[in-house]
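Subject: Structure for your attention

Dear colleague,

Please find below a structure that I would like to hand over to you.

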Amino acid sequence: MEAVDKLGMAAAIEQAKKSYAEGGIPIGSAIVYHGSEGEKPKLVAEGHNERIQKASATLHGEISALENGGRLKAEVYRNSTIVRNVCWLAHEKTNRGFGF
């Protein structure tokens with residue numbers, strides 16, 4: 001697994017745990033900028049599913065990360081990866097009836 005993937009997945013897992021702790025669906029997301037040749041990847045935004053917490057039809061993990069990142073330059077988006085993780089272990093340990 002490449003450094004960019006490790007960084008994104010670690011952040012997405014933490015965000016999924018945060019959503020679960022708040023009583024929401026355990027899905028997290030992160031945006032990782034790859035950087036220029038030779039640079040290390042950089043976490044530019046992260047977020048988690050907030051559909052339950054904020055009674056929102058649109059605040060999926062990816063949208064939350066995009067919102068939390070604010071307005072970034074097009075170059076950043078072109079050279080970034082968005083990572084999403086569903087924390088199934090947290091979901092399986094409960095019977096919250098999320099319907100997935």
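A residue counts as buried when its relative accessible area is under 20%, as exposed when that value is over 50%, and as partly exposed in between. Please keep in mind that the model is predicted.

**Overall build**

The protein contains 4 helices and 3 strands, and their order along the sequence is α-β-β-α-α-β-α. Of its 100 residues, 38% are buried. The protein exposes about 6,300 Å², of which carbon and sulfur atoms supply 51%.

**Salt bridges**

The structure holds 3 salt bridges.

One of them links the side chains of K17 and E14, with a distance of 3.6 Å from N to O. Both residues belong to helix α1 (residues 3-21) and are 3 residues apart, about one turn of the helix. K17 has a relative accessible area of 43%, so it is partly exposed. E14, at 47% relative accessibility, is likewise counted as partly exposed.

Another salt bridge pairs K54 with E50, whose closest N and O atoms are 3.4 Å apart. K54 is exposed, because its relative accessible area is 53%, whereas E50 counts as buried at 12%.

A further salt bridge is formed by E62 and R84, with 3.7 Å between the closest N and O atoms. E62 lies in helix α2 and R84 in strand β3, so this pair ties together parts that are 22 residues apart in sequence. E62 is partly exposed at 25% relative accessible area, and R84 is partly exposed at 47%.

Is S64, at 2% relative accessibility, buried or exposed? S64 counts as buried. This residue is found in helix α2 (residues 61-69). Leaving aside residues up to four places away in sequence, S64 touches E46, G47, H48, E50 and L59.

A55 sits in the loop between β2 (42-48) and α2. Most residues other than glycine have a negative phi. A55 is not a glycine, yet its phi is positive, at about 50°. With a relative accessible area of 72%, A55 is exposed.

**A nonpolar surface patch**

I63, L66, Y77 and I82 make a nonpolar surface patch of about 320 Å². I82 is found in strand β3 (residues 80-86) and counts as partly exposed, at 43% relative accessibility.

Yours sincerely,
A colleague

Terms used:
Residues numbered from 1 in each chain as written. Predicted model: local features only at pLDDT ≥ 70, side-chain atom pairs only at ≥ 80, totals over all residues. Heavy atoms only, no water. Helix = DSSP H or I, 4+ residues; strand = E, 2+ residues; numbered from the N terminus. Buried < 20%, exposed > 50% of the residue type's maximum accessible area, 1.4 Å probe, protein only. Areas by Shrake-Rupley, 256 points an atom, 1.4 Å probe, with all protein chains shown as cover. Patch = residues over 30% accessible without salt bridge, like charges linked within 9 Å, V, L, I, M, F, W, Y side chains within 5 Å. Salt bridge = Lys/Arg side-chain N within 4 Å of Asp/Glu carboxyl O. Contact = heavy atoms within 4.5 Å.
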